[in-house]
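Could you walk me through the strands of this model? I have it open in my viewer and would like to know what to select next and what is there.

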Amino acid sequence: MTSLVRKLRIAVVSSVLMAGGLAALPGVSAGQAAAQDAAQTAPAALKVEGVGTALLTLTADDLAKMPPATATLTSDGNTTKYEGVLLYDILAKAGWQFGHGMTGKGMASYVIVTAKDGYQVVFSLAEIDPLFGGAKVIIADKADGAALPGRELPFRVVVPGDKMHARSIYSLVKIEVVRLRP
């Protein structure tokens, strides 16, 4: 009898899950199910926060309205052309003061970019400022003219000037400006 009950439970749970009826499961309210459905259909967002910046949440549509940038990255014998926006332009949109506005304490500031899995890399702000280093760091949402591959979504950092591509991270979800010594 225990085996029959187990099979029935598995069959019921499987049919509920296949039908998408999370709210029909015990312990899952209709509100929770609706929130989960909304999270799956909501556009991917990139958070921008930190010292000297306004809190921003950007979607791919927001990036499409900004000046476009491209970069080519060759890795493991494959060359990919990425399209997106300069990290510089995103931080300027958030209110970071580059150029002469960055001298002094601003020179002791850096950016941490974070992926979904918690992987983080750092860029100095002077490194990406065109009046200082001018490195073209791209926040991409397209590869070879199409949407990024699934594992790279929602955004990818592309640093074509790096010899190793460990800072060209994928699944980017957050950009944070940090001041070393306020």
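Predicted model: local features only at pLDDT ≥ 70, side-chain atom pairs only at ≥ 80, totals over all residues.

**Stop 1: strand β7.** Select residues 138–143, which make up β7. This strand is mostly covered, with five of its six residues buried.

Stop 2: To see how the two line up, show Glu83, which stands opposite Lys142 in β7.

**Stop 3: the β9 partner.** Now select residues 156–158, strand β9. Three bridges link β9 to β7, again in the antiparallel sense. Pick Ala140 and you will find its bridge partner in β9, Arg156.

**Stop 4: the hairpin.** Next, bring up residues 146–147, strand β8, which is antiparallel to β7 and joined to it by two bridges. Ala143 has Ala146 in β8 as its bridge partner. β7 and β8 form a hairpin with two residues between them.

**Stop 5: the open sheet.** Move on to the five strands in the order β2-β1-β10-β5-β6, an open sheet with mixed pairing. At its edges are β2 (56–59) and β6 (120–124), each pairing on one side only. From one strand to the next, the twist averages 20°.

**Stop 6: β5 and β6.** Finish with residues 109–115, strand β5, which pairs with β6 in the antiparallel sense over five bridges. Here Val113 stands opposite Val121 in β6.

Technical notes:
Residues numbered from 1 in each chain as written. Heavy atoms only, no water. Buried < 20%, exposed > 50% of the residue type's maximum accessible area, 1.4 Å probe, protein only. Helix = DSSP H or I, 4+ residues; strand = E, 2+ residues; numbered from the N terminus. Pairing = 2+ DSSP bridges. Axes fitted to C-alpha atoms, helices over the stretch in contact; angles between N-to-C directions.
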